[in-house]
Amino acid sequence: DYDSSTLQATIGAGSRLGDLGVALDDIGQGMLNLPDIDRQTLAGATATGTHGTGITLQSLAGNITSLRLVTPEGEIRDIDASDGDLFGAVRVNVGALGVVTQIRLQNREAYKLKKREWTAPTEDILTDFDELAASHRHFEIFPLVYSDYSMVLSIDESDQPIGQTIIPAEEVTLADLRPLGVDATPLERLTMNNALAANAETSEVVDLSHKLLSNIRNNRFNEMEYSIPAEGSAECVREILKTIYDQAIDVAFPLEYRYVSPEDPWLSMAYGDEPHATISIHRTAREDYRPYFDIIEPIFWKYGGRPHWGKIHSLGHRELSQLYPRFRDFMEIRQSLDPNGRMLNEHLKNLFDA
């Protein structure tokens, strides 16, 4: 179902994000934002607080106007803002409250975007990050490990024709900006990667919003992502990069650093009144991620980080209850909807002390 006057659409909760762009475009609508990867279902993405990039843009769950929940007892509930606390809890529900079957989203008119990519010294970008994030609809960086540079990405609305507007003669991609082998010293890696990054050229393209906001990632990887209050988050990035260098951790993937808007779903990474930054680390699927993640995760804790529910983290009920002001309220609603714990697996039992 959809409404052309309010620009809202009701979508089956099992729909893949990557399948929605064309269908919404056909009715003149576009999603307000999308995450980097669009293989998830709408229900899975919203339940885990999945978000895109943009200091003025909420997560997917923040754009929910109503949803239908089948409770563990078999009751069908249509829930919207008039349901108060239940609406606050159910939008980011981590799969613990029941089965969501349909979701109504606030969208906007279909639109085009211009994506621009280039490299720049990481410290210069971090110094000016607040200003840059405020001057673009979407702005993020991929700080390169063993390098003084970052890949920089800005995306803004555009009325230009679809197509490449700047085609680099010799583009250096993220795949090219990989450190040398394990036998190279950190300094040797730094020298090589700086030379590559300094010669990377700018690229620019215009396309429909859903084609530029998400990307196809063919190389499988594991990821840890935490949100940090925006103030002080740049220092967290610096500490992670320094730790990788000082401990000579053999990792190729860059970090990812961006801002997201404050919002009110209780278990959102960006819950509250202040903007948050999200910082991600990655490890290819063929490698054991645990040694690397175990070293970096305490740095996130040091800066008050909240973990992404759909990515790797080691926190349990005790730590999480201190990070989310409405965590205990969520647990009360979970208990009322599912007193027998039918929705809980071992992972969720650890999260909710059940």
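Student: In which loop is Tyr146 found?

Tutor: Please note at the outset that this is a predicted model. Tyr146 is found in the loop that joins strand 9 (138-143) to strand 10 (149-157). Its backbone deserves attention: Tyr146 has a positive phi of about 55°, although it is not a glycine.

Student: Is Tyr146 buried or exposed?

Tutor: A residue counts as buried when its relative accessible area is under 20%. Tyr146 has a value of 4%, so it is buried.

Student: Which loop holds Ala248, and what is the phi of Ala248?

Tutor: Ala248 lies between helix 8 (233-246) and strand 14 (256-260). Its phi is near 50°, again a positive value in a residue other than glycine. Ala248 is partly exposed, with a relative accessible area of 43%.

Student: How should I read the order of strands in a sheet, and what is the order in the sheet of 5 strands?

Tutor: Strands are numbered from the N terminus, whereas the order of a sheet lists them as neighbours. The open sheet of 5 strands has the order 1-2-6-4-5, with antiparallel pairing. Strand 1 (2-3) and strand 5 (76-80) each have a single partner strand, so one side of each is left without a neighbour in the sheet. Within this sheet, strand 4 (residues 64-70) pairs with strand 6 (residues 99-106) over 6 bridges, in the antiparallel sense. Val70 stands opposite Val99 of strand 6.

Student: What is the order of the open sheet formed by 9 strands?

Tutor: The order is 11-12-8-10-9-14-15-13-16, and the pairing is antiparallel. At the edges are strand 11 (163-166) and strand 16 (306-307), each of which pairs on one side only. Strand 8 (residues 112-121) and strand 12 (residues 203-208) form an antiparallel pair over 6 bridges, and Lys112 stands opposite Leu208 in strand 12.

Student: How many helices and strands are there in the protein chain, and why is the chain said to be as compact as a globular protein of its length?

Tutor: The protein chain contains 12 helices and 16 strands. Its radius of gyration is 21 Å, close to the 20 Å that the globule rule gives for 354 residues, so the chain is as compact as a globular protein of that length. Along its principal axes, the C-alpha trace spans about 60 × 50 × 35 Å.

Student: What share of the 354 residues do buried residues make up?

Tutor: Buried residues make up 51% of them. The protein chain exposes about 15,800 Å², of which carbon and sulfur atoms supply 47%.

Key: Residues are numbered from 1 along each chain as its sequence is written. This is a predicted model: local features need pLDDT of at least 70, side-chain atom pairs count only at pLDDT 80 or more; totals for chains, interfaces and linings use all residues. Side-chain values use heavy atoms; hydrogens and water are left out. Two strands pair if DSSP finds at least two bridges between them. Helices (H or I, at least four residues) and strands (E, at least two) are DSSP runs, numbered from the N terminus. The radius of gyration is taken over C-alpha atoms; the globule rule is 2.2 Å times the number of residues to the power 0.38. Buried means under 20% relative accessible area, exposed over 50%, partly exposed in between (1.4 Å probe, protein chains only). Accessible areas come from the Shrake-Rupley method with a 1.4 Å probe; for residues, only the protein chains shown count as cover.
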